[in-house]
Amino acid sequence: MRARVAHLRAWRGRHPRAARVVWWTATVLSLILVLGALLLPNRLESLQFNRFTRLPVEAVLGASLLLALPRRPRIVVAALGGTVLGALIVVDLLDMGFMEYLGRDFNLVLDWGLLDDAQSYVADSMGRATAVGAAIGLVVLIVAVFAVMVLATVRLSNLLMLDSQRSTRVTLIAATVWVTCSVTGLQNAGVPVASYRAGGALINKGRQVQQTLADEAAFGKEARYDTFGATPPDQLVPDLRGKDMIFTFIESYGRSAVEDPIMAPGVDRTLDASTQALAKAGFHAKSGWLTSATYGGSSWLGHSTTLSGLWVDNQQRYRTVMASDHLSLTKVFKKTGAWDTVGVMPGVQKGWPEVKFYGLDKLYNAFHLGYQGPKFSWSTMPDQYALEAFQRLEHGRTDRDKPLMSEIILTSSHQPWAPIPKMVGWDEIGDGSVFQGIEAAGKKAADVIADGTASKQEYGKSVSYSVTALTQWLERYGTDDTVLVFLGDHQPIARVSGNHASRDVPISIVAKDPKVLDKISGWNWTDGLKPAHNAPVWKMSSFRDKFLTAYGSTPHPSHG
């Protein structure tokens with residue numbers, strides 16, 4: 001080490017001008033990095049120049065502390081401060097990504113597991129090599145951020161001690177300026193000059209952790225209470241006896257698909273045409289809005305909220321509900337003993353213990369449906385194939401002595417919305433090989449995923465495809481006793497729905513028997529598949545109880 005220091009000093013003596021340039025460059029970069037970390041916002045739309053022209057109080061307090069410490073403790077504290085700033089940068093970037101894709105901040109307690117899901121999504125959408133490369137690059141970047149921030153804070157701490165008296169005066173002046181700006185409310189381009197952004201972020205994250213831990217116990221008590229938990233089987237949904245019930249979720253089918261100026265024209269034409277085609281086949285529909293518990297992703301939270309009647313807006317609540325005896329809407333039909341129950345979930349590619357909570361006698365995942373065609377990005381198979389397989393394996397069976405209750409998750413409208421399947425003749429579907437040419441001719445995910453306008457356009461097309469596949473299936477295979485409930489699980493990501501979009505999703509109930517829709521006439525839903533802008537909006541968690549009540553179920557609460 002001494003030899004290296006001596007060599008460095010000798011180099012400085014031989015090249016004083018270059019040494020000064022290097023010294024000033026390293027110092028200025030260190031200052032920019034530290035101030036940038038302290039002022040970095042956690043929202044993409046806030047990444048503006050005026051956010052970085054503020055005076056952070058954390059820098060003033062940090063300088064004051066370092067000036068008061070002896071050399072060794074000062075270096076240790078400076079290194080710890082750099083580590084904290086590195087962590088703050090990483091969390092701010094995670095907040096940006098989560099807000100963009102899920103409409104909320106990153107949760108330090110619950111969301112680490114979602115990073116693995118993100119990698120799987122990248123692998124399914126853009127290839128395993130891209131996912132592995134991105135993961136390695138991300139790890140290297142995070143390590144570099146921590147290392148650089150530690151070096152920067154240590155360098156600045158050493159700089160303070162080159163002239164401690166001058167540094168003290170400058171620190172006092174900065175403190176006076178900050179207090180003055182804070183008291184007077186001085187602003188620059190609408191942003192306060194006096195900043196406590198980093199400290200506020202740390203406090204908010206601490207509160208989030210506390211609230212998350214407190215929520216676990218409170219929600220556990222809530223989940224143990226069930227309005228219909230003790231209802232005898234013969235008093236559950238008596239007005240639907242004999243009906244083939246189908247509950248279908250369409251991935252990312254949100255209010256924006258129906259009302260956004262870019263996407264709505266195509267989707268609305270599909271809804272109107274499908275309403276008319278169903279009417280010719282004898283089916284009629286009513287539609288409204290539900291406010292989803294999730295946004296942009298985490299579809300399972302929307303599914304469980306709808307079917308449990310509980311507000312399941314994070315992974316902790318989801319685990320609590322799945323481990324409980326709370327009565328899911330689908331399990332209601334199993335409890336009666338009057339229905340066979342099945343699930344068709346082409347997006348499930350591994351073990352799925354949730355089948356118990358949902359009360360499904362049989363589950364068809366991605367490997368059980370006989371598909372031999374290509375994947376369409378994340379989606380393992382086109383919705384049209386999944387529905388035809390459902391018809392072949394379950395709905396079309398003639399040896400059944402009970403009606404069927406089905407839960408179906410359609411995935412073709414899952415991001416990145418490229419390539420998108422196209423409808424083929426129902427008699428041509430076969431084992432799915434017919435989709436080979438369609439997938440090969442479609443757009444690539446990489447061409448759509450970063451382009452906001454293209455994402456909107458392709459998203460709208462994907463929703464139209466899913467709605468068309470589902471309604472055509474109903475026209476072709478529906479009977480007098482078929483009742484279809486279909487809805488979106490959440491809005492698409494902010495790049496498509498907008499930074500301030502609602503969390504509303506459309507929901508429709510379709511049936512031939514007029515008595516089925518008469519039961520919900522008091523809901524004031526819109527006739528047809530397209531809900532009116534001013535149609536009723538309910539929390540998604542309220543649907544289960546409203547549905548059970550409408551169809552004759554008698555409340556008998558249980559308390560766990």
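Which residues lie nearest the centre of the second largest pocket? Ala 59, Gly 62, Ala 63, Leu 156 and Leu 160 do, out of the 38 residues that line this pocket. The model is predicted.

## Overall build

The chain has 560 residues, and 49% of them are buried. Its secondary structure comprises 20 helices and 13 strands. The C-alpha trace spans about 95 × 55 × 40 Å along the principal axes.

Of the contacts with a separation of 6 or more, 78% are between residues 24 or more positions apart. The accessible surface amounts to about 25700 Å², and carbon and sulfur atoms account for 59% of that area.

## The second largest pocket

The volume of the second largest pocket is about 1100 Å³. Six helices each contribute at least two residues to its lining: α2 (16-39), α3 (57-68), α4 (71-102), α6 (128-160), α7 (164-184) and α8 (197-224).

By residue type, the lining consists of 27 nonpolar, eight polar and three charged residues. Among the residues nearest the pocket centre, Ala 59, Gly 62 and Ala 63 fall within the range of α3 (57-68), while Leu 156 and Leu 160 fall within that of α6 (128-160).

## Salt bridges

Side chains of opposite charge can pair when their charged atoms come close. The count of salt bridges in the chain is 26. One of them joins the side chains of Asp 105 and Arg 43, with an N to O distance of 2.7 Å. Asp 105 sits in the loop between α4 and α5 (112-126) and Arg 43 in the loop between α2 and β1 (55-56), so this pair ties together parts that are 62 residues apart in sequence. Asp 105 is partly exposed, at a relative accessible area of 25%.

A salt bridge also forms between Asp 95 and Lys 205, at 3.0 Å from N to O. This pair links distant parts of the chain, since Asp 95 belongs to helix α4 and Lys 205 to helix α8, 110 residues apart. Asp 95 is buried, with a relative accessible area of 1%, and Lys 205 counts as buried at 12%. Both α4 and α8 are among the helices that supply residues to the lining of the second largest pocket.

## A salt-bridge network

Asp 340, Lys 362, Glu 394, Arg 397, Asp 399 and Arg 400 are linked in a network of salt bridges. Within it, the side chains of Arg 397 and Asp 399 meet at 3.0 Å, N to O. What is the exposure of Arg 397? Arg 397 is partly exposed, with a relative accessible area of 33%. Asp 399 is exposed, at 58%.

## Backbone features

Two cis peptide bonds can be located in one loop. The bond joining Gln 415 and Pro 416 is cis, with omega about 15 degrees, and Pro 416 is in the loop between β9 (404-410) and α15 (436-441). Ala 418 and Pro 419 are likewise joined by a cis peptide bond, with omega about -10 degrees; Pro 419 also lies in the loop between β9 and α15.

Ser 298 has a phi of about 55 degrees and is placed in the loop between β6 (284-291) and α11 (299-308). Ser 298 counts as buried, at 9% relative accessibility. Asn 524 has a phi of about 60 degrees and is found in the loop between α19 (514-518) and β12 (526-527). Asn 524 counts as exposed, at 59% relative accessibility.

Note on methods: Residues numbered from 1 in each chain as written. Predicted model: local features only at pLDDT ≥ 70, side-chain atom pairs only at ≥ 80, totals over all residues. Heavy atoms only, no water. 1 Å grid on protein atoms, 1.4 Å probe; cavity = no way out; pocket = protein on both sides within 12 Å on 5 of 7 lines; lining within 4 Å. Points joined across faces, edges and corners; volume = space filled by probe spheres on them. Helix = DSSP H or I, 4+ residues; strand = E, 2+ residues; numbered from the N terminus. Nonpolar A, V, L, I, M, F, W, Y, C, P; charged D, E, K, R; others polar. Salt bridge = Lys/Arg side-chain N within 4 Å of Asp/Glu carboxyl O. Buried < 20%, exposed > 50% of the residue type's maximum accessible area, 1.4 Å probe, protein only. Contact = heavy atoms within 4.5 Å. Areas by Shrake-Rupley, 256 points an atom, 1.4 Å probe, with all protein chains shown as cover.
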